[in-house]
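Hi everyone, thanks for coming. Please have a look at the sequence and the model on the screen, and I'll talk you through them.

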Amino acid sequence: MNDMRLTERAVDNNGTKIRAKGVQVYYGDTHAIKNVDVDIADKTVTAFIGPSGCGKSTFLRCINRMNDTISVARVEGDILIDGEDIYDKRVDPVQLRAKVGMVFQKPNPFPKSIYDNVAYGPRIHGLAKDKADLDGIVESALRRAALWDEVKDRLTAPGTGLSGGQQQRLCIARAVATSPEVLLMDEPCSALDPIATDQVENLIHELRANYSVVIVTHSMSQASRVSQKTAYFHLGEMVEYGDTGDIFTNPKDERTENYITGRIG
Ligand SMILES: Nc1ncnc2c1ncn2[C@@H]1O[C@H](COP(=O)(O)OP(=O)(O)OP(=O)(O)O)[C@@H](O)[C@H]1O
């Protein structure tokens, strides 16, 4: 953001990284998110689950203002990160998205080299002092994405030439290269085979040490493997939110229970 308050502010709010208050999202006349209140913890993986069309991706996109790019979308209510309103008019959405990175369903590397994919964000945000500094940022991001050993000898090769699982880890490296504080993942494994899914899930587990990770998933087994907190969405409402173990073994809301037992999907 313009004044970079997100990076400079001391965090002292009992581990809450993201706070949503009364969030509503409309696409024209469609009321896609209905009055969502939630506190999302720092250094935690939070899974959003629920039937198709219930608003998981819409709510996820509120957290880095990706809905700004959809002309018919209108967001109401407050979303605070470290206590700061990300919809404040002084906040630059481009800067915000460096702090709140996103990984999409389908791996979407740029038509550039592996190196340039990862260097893209640090370059546009002026994060490197010189070439050696940029090299270090690229290597560190590729290591954090568990991809370095596989690509270190072909950094100038096109990112699009990697396997699907490698491309998704490249996109994760691209997202972490700007040192985000929050990582949003919208069904990051849905285009991957079981081995690549396992690698990305292990990575999510490691990323939690440094980031608040929010993941949309259709796979309840994935949610239970990777997350500590789970939110269940139903027809635009967040009907239940709590510890993942509790949501899956002892849901309080009948709608959550019906979903996790397979009665609705
Ligand atoms: N760009 C858009 N324009 C208009 N309506 C949209 C748009 N994106 C989503 N919607 C509508 O908003 C509602 C929520 O959609 P969203 O994609 O957030 O749900 P979801 O739970 O992520 O679904 P899925 O699991 O199928 O990806 C749906 O009714 C959908 O049709």
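First, some ground rules. Residues are numbered from 1 along each chain, following the sequence as written. This is a predicted model, so local features need a pLDDT of at least 70, side-chain atom pairs count only at pLDDT 80 or more, and totals for chains, interfaces and linings use all residues. By pLDDT I mean the predictor's confidence in each residue, from 0 to 100.

How confident is the prediction? The protein averages a pLDDT of 91, and 94% of the residues score at least 70. Residues 1-14 are another story: there the pLDDT is below 50, although this stretch has 22 contacts in the model beyond near neighbours in sequence. A contact here is two residues whose C-beta atoms, placed from the backbone, lie within 7 Å. Where pLDDT is low, the predicted coordinates should not be read in detail. For the model scores, ipTM is 0.98 and pTM is 0.91.

Now to the first sheet. When I say helix or strand, I mean DSSP runs numbered from the N terminus: helices are H or I with at least four residues, and strands are E with at least two. Two strands pair if DSSP finds at least two bridges between them.

Please find the open sheet of six strands, in the order β6-β7-β8-β3-β9-β10, with mixed pairing. At its edges stand β6 (100-103) and β10 (237-243), each with a single partner strand, so one side of each has no neighbour in the sheet. On average, neighbouring strands are turned by 15° against each other, direction ignored. Angles like this are taken between axes, which are lines fitted to C-alpha atoms (for helices, over the stretch in contact), and they run from 0 to 180 degrees between N-to-C directions.

β6 and β7 run parallel and are joined by four bridges, with Val100 partnered by Val182 in β7. Val182 also has a bridge partner in β8, namely Ser212. β7 and β8 run parallel too, over five bridges, and there Leu184 stands opposite Val214. Going on, β3 (residues 45-49) is joined to β8 by four bridges, again parallel, and Ala47 has Ile215 of β8 as its bridge partner.

Is β8 buried or exposed? Five of the five residues of β8 (residues 212-216) are buried, so the strand is largely enclosed by the rest of the structure. Buried means that 20 or more other C-beta atoms lie within 10 Å of the residue's own, exposed means 12 or fewer, and partly exposed is in between, with C-beta atoms placed from the backbone. Ser212, Val214 and Val216 point one way from β8, Val213 and Ile215 the other way, and all are buried. β7 is mostly covered as well, with five of its five residues buried: Val182, Leu184 and Asp186 on one side, Leu183 and Met185 on the other. Lying across β6 and β7 (182-186) is helix α7 (residues 164-176), which runs at about 170° to β6.

On to the other sheet. This open sheet has four strands in the order β2-β1-β4-β5, with antiparallel pairing. β2 and β5 (84-85) are its edge strands, each pairing on one side only. β1 (residues 16-27) and β2 pair over eight bridges, and Arg19 has Asp39 of β2 as its partner.

Two residues deserve a quick look. Most residues other than glycine have a negative phi. Asn35, in β2, has a positive phi of about 55°. Arg65, in the loop between α2 and β4 (73-81), has a positive phi of about 60°.

Finally, the ligand. Which residues come nearest? Of the 13 residues around the ligand, those are Tyr27, Ala32, Ser52, Ser57 and Thr58; a residue is near if its C-beta atom, placed from the backbone, lies within 6 Å. β2 (30-41) and α2 (56-62) are the elements that give two or more residues to this shell, and α2 has the largest share, with three residues.
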